[in-house]
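Please read them with the structure open.

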Amino acid sequence: MAGEYSKPDFWTRRALSEGYPARSVYKLKEMNERFSLFRRGDAVLDLGAAPGSWSAFVLRQLGGAGRVTAVDILPICAKMEEGDFTFIQGDLFDESVRDRVREGAPYDAVLCDAAPSTTGNRAVDTARSSALVETAMGYAAVMLKSGGNFAAKLFQGSGQGDLLKKLREDFTSARGYKPQACRSGSFEVYLIGLGKR
Ligand SMILES: C[S@@+](CC[C@H](N)C(=O)[O-])C[C@H]1O[C@@H](n2cnc3c(N)ncnc32)[C@H](O)[C@@H]1O
């Protein structure tokens, strides 16, 4: 995210020049080019969406023929230029938030770039990240269409194997993927599930 680190790098400067507040947009762009996570006309759920780069990118890709529902504790600041956009401000662990998200179901793709506030204790941070991914998988279990796709960010740690195992049960194919736009040295990976069973 812009502001997450003190010195804007190449990707951050490029994101801002293209109207996106966060460099993370290039991770989604790369994953969508590689895995076709969503396409024109789709309904897409974006969990952990602030400041809004992923949602803005998805809306542009949908070309006015789909819709995005986004959730975050923090407000969205990206300008949503086109399309059908719903923002739910709240905690994705809350039942009331889940109920509001369900109003827009079913979705063709569930994306989750949510990241916990880091403590510096790697075990704590990876456990919190795993909990976010598990919760996103819970949303996908009931709100993602059959055949739909899933991508969620995980801080790599001991839970990765179990989460991938569960994804392999629920999707035709599942894998971990590290986009090139991830910061060098970052320990994040995206868990991808394609074709919900
Ligand atoms: C890396 S940022 C997402 C960047 C976003 N994909 C973009 O491109 O603009 C991670 C976000 O996860 C959100 N987040 C973390 N825990 C959350 C939770 N329990 N419920 C909702 N949002 C959460 C944070 O508030 C933060 O905005």
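1. In this predicted model, the axes of helix 5 and helix 6 approach to within 11 Å and cross at roughly 10°. Angles under 35 degrees count as roughly parallel, and helix 5 and helix 6 are therefore roughly parallel to each other.

2. On the helix 5 side, the residues that meet helix 6 are Ser130, Val133, Glu134, Met137 and Ala141; their counterparts in helix 6 are Leu163, Lys166 and Asp170. By class, this contact has four nonpolar, one polar and three charged residues.

3. Helix 6 (residues 160-170) also lies across strand 5, strand 6 and strand 7, and runs at about 155° to strand 6.

4. The sheet is open and consists of seven strands in the order 3-2-1-4-5-7-6, with mixed pairing. Strand 3 (84-89) and strand 6 (171-177) are at the edges with a single partner strand each, so one side of each has no neighbour in the sheet. From one strand to the next, the twist averages 10°.

5. Strand 1 and strand 4 run parallel and are joined by four bridges. Here Leu47 is placed opposite Cys112 of strand 4. Beyond its neighbours within four places in sequence, Leu47 is in contact with Val71, Leu92, Leu111, Cys112, Ala114, Ala136 and Tyr139.

6. The largest nonpolar core has 51 residues; those touching the most other members are Val44, Leu47, Val110, Leu111, Cys112, Ala136 and Ala152. Elements that each supply at least two residues of this core include helix 2 (25-35), helix 3 (53-62), helix 5 (122-143), strand 1 (43-47) and strand 4 (107-112).

Note on methods:
Residues numbered from 1 in each chain as written. Predicted model: local features only at pLDDT ≥ 70, side-chain atom pairs only at ≥ 80, totals over all residues. Core = buried A, V, L, I, M, F, W, Y, C linked by C-beta atoms within 7 Å. Buried ≥ 20, exposed ≤ 12 C-beta atoms within 10 Å, placed from the backbone. Contact = placed C-beta atoms within 7 Å. Pairing = 2+ DSSP bridges. Axes fitted to C-alpha atoms, helices over the stretch in contact; angles between N-to-C directions. Parallel < 35°, antiparallel > 145°, perpendicular 65-115°, else oblique. Nonpolar A, V, L, I, M, F, W, Y, C, P; charged D, E, K, R; others polar.
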